[in-house]
Amino acid sequence: MYLMDDAPRARPPLMKRILCLILVCISPVCWSEPAAITAQSPLPAPTPAKPSLIYVIPIRDDIDTSMVFIVRRGIKEAIDKQADAVILHMDTNGGRIDNTEEIIAILNHFQHQDQLYTYIDTKAFSAGAFIASATHKIYMAPSAVIGAATPIIMSSGGGGVETVSKSVEEKMTSAVRGLVRANAERQGHNPAVFDAMVDREQGLLIDGKELLPKGKLLTLTSKEAEARYGNPPQPLLSAGTVSSLDAFITEIGGGQAKVLKIEPTGFEQLGRFIVMISPFLLAGALLCGYIEFKTGGFGVFGISAVALALVFFFGQYIAGLSGYEYVMMFFFGVLLLAIELFVLPGHILPGLAGAALILISILKAMVDKYPTDPVMPTMPQLEIPMTKLGISFAITLAGMWVLAKVLPKTPLYHRLVLQTVNPTTTAEEPSGIGVGDTGMSLTLLRPSGTADFGHGPVDVITLGDFIQSGQRIRVIQTEGGHIIVEAA
């Protein structure tokens with residue numbers, strides 16, 4: 001469509017018309033050279049640079065939650081240090097499928113997926129084969145084997161394999177096949193090879209040659225895995241056989257790469273248990289802090305609260321979730337709360353800031369965040385931490401309600417208060433003071449302190465309530481020389 005304009009237009013100057021004519025005439029010459037380049041054969045792809053920093057992560061023994069912690073720690077450190085390549089040093093009989101899925105999801109966070117390798121030292125059975133399918137290249141040591149990856153269900157007692165119905169077995173096998181196929185296709189492996197490892201009904205047919213009949217599970221030696229088929233010939237599974245891990249590192253790194261090996265710390269099993277009970281640890285820390293707050297001073301319950309909090313953060317650190325910064329944030333929040341309660345009572349900002357820091361530090365310590373993730377965690381990342389925190393708060397509130405009803409009525413409570421807050425009595429013993437008498441608090445009652453009922457200062461205690469100094473109070477009970485009061 002053209003837009004018509006009735007206004008007269010001025011003719012362009014002669015010099016401009018000449019320049020336009022020259023440009024039109026020379027333009028074919030200028031454009032012909034790129035056309036000739038395009039017509040030539042494509043330039044060869046540049047050879048990828050040798051990695052200068054390589055991380056080696058062990059996949060050994062049984063694959064369980066502790067192995068997830070090791071892999072998570074290794075991948076996060078590799079991302080943080082901007083590693084060029086990651087090698088999974090594998091020697092495993094397999095393990096739990098849920099932990100295997102976690103490990104595969106962790107591997108997907110590594111930024112250089114084309115530099116993600118598996119080196120099979122001895123064997124990669126079952127879940128080990130699944131994890132290998134999620135790496136870009138698989139290499140094997142001489143006499144190493146990979147395969148036999150059909151899923152099974154272990155009995156609850158751990159003494160053997162549980163028998164399941166045919167339909168359940170087919171459903172489970174189909175789900176695992178889908179998982180492995182998706183990762184194999186993404187990384188450029190032949191998914192039919194992994195199908196034959198997972199499902200005995202698949203068999204394996206390559207180039208019209210039956211490599212495995214139906215009814216058997218595929219297990220490959222290093223020589224069988226690197227055999228080439230097709231046109232052009234491609235390795236069946238293994239990109240090559242290398243004598244040792246050091247030789248393999250030299251092959252991909254050229255002997256100049258810096259190598260960092262992630263080693264198990266020995267605390268992974270302990271970290272697994274701590275993470276499992278983390279809601280109860282948080283609830284215990286909060287309850288101990290509540291009791292310490294009610295009894296005043298700083299004693300056994302305050303120390304217990306600090307210890308439980310440290311154990312909680314230690315477990316998150318071992319799991320590869322938390323760092324030291326969240327521990328510091330947590331205790332800085334506690335410090336702000338202490339300032340609000342004991343130094344600047346009535347100032348809201350320190351208390352709010354402290355509570356916010358404590359909440360954020362606990363949540364962030366449980367979030368599975370990677371160095372490349374945004375600063376603000378997503379809702380899927382917060383789902384599990386918020387669930388655990390909700391469980392902790394529910395346990396804490398229930399415990400606080402029970403303690404508020406039961407603890408003040410026990411002799412232990414009075415002993416704790418008197419020993420913790422007032423280790424030396426400076427006020428006179430109660431004399432002529434009875435139930436119903438009113439007086440004035442001379443100090444902050446938290447919950448014990450000093451008051452005056454017209455006979456001089458005496459020691460008093462509340463049933464757990466905090467009463468500011470200078471407030472009217474009433475005696476509700478006298479027991480064993482103790483004066484128990486409430487706000488009047």
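This is a predicted model: local features need pLDDT of at least 70, side-chain atom pairs count only at pLDDT 80 or more; totals for chains, interfaces and linings use all residues.
Local features are described at pLDDT of at least 70, and side-chain atom pairs at pLDDT 80 or more. Residues are numbered from 1 along each chain, and side-chain values use heavy atoms, without hydrogens or water.

Let's begin with Phe110, in the loop between helix H3 (97-107) and strand E3 (116-125); helices (H or I, at least four residues) and strands (E, at least two) are DSSP runs numbered from the N terminus. Phe110 has a relative accessible area of 2%, so it counts as buried (under 20%, with a 1.4 Å probe and protein chains only). Leaving aside neighbours within four places in sequence, its contacts (heavy atoms within 4.5 Å) include Ile75, Ile79, Val86 and Leu116.

Next comes Asp195, which sits in helix H6 (residues 191-198). Asp195 is buried too, at 6% relative accessibility. Beyond its neighbours within four places in sequence, Asp195 touches Arg177, Arg181 and Gln202.

Finally, look at helix H11 (residues 300-318) and helix H12 (residues 324-343), whose axes come within 10 Å and cross at roughly 155°. Axes are lines fitted to C-alpha atoms over the stretch in contact, with angles from 0 to 180 degrees between N-to-C directions. H11 and H12 are therefore roughly antiparallel (over 145 degrees). Where do they meet? Val306, Ala309, Leu310, Phe313 and Tyr317 in H11 face Tyr324, Tyr326, Val327, Phe330 and Phe331 in H12.

Definitions and conventions:
Buried means under 20% relative accessible area, exposed over 50%, partly exposed in between (1.4 Å probe, protein chains only). Angles under 35 degrees count as roughly parallel, over 145 as roughly antiparallel, 65 to 115 as roughly perpendicular and the rest as oblique.
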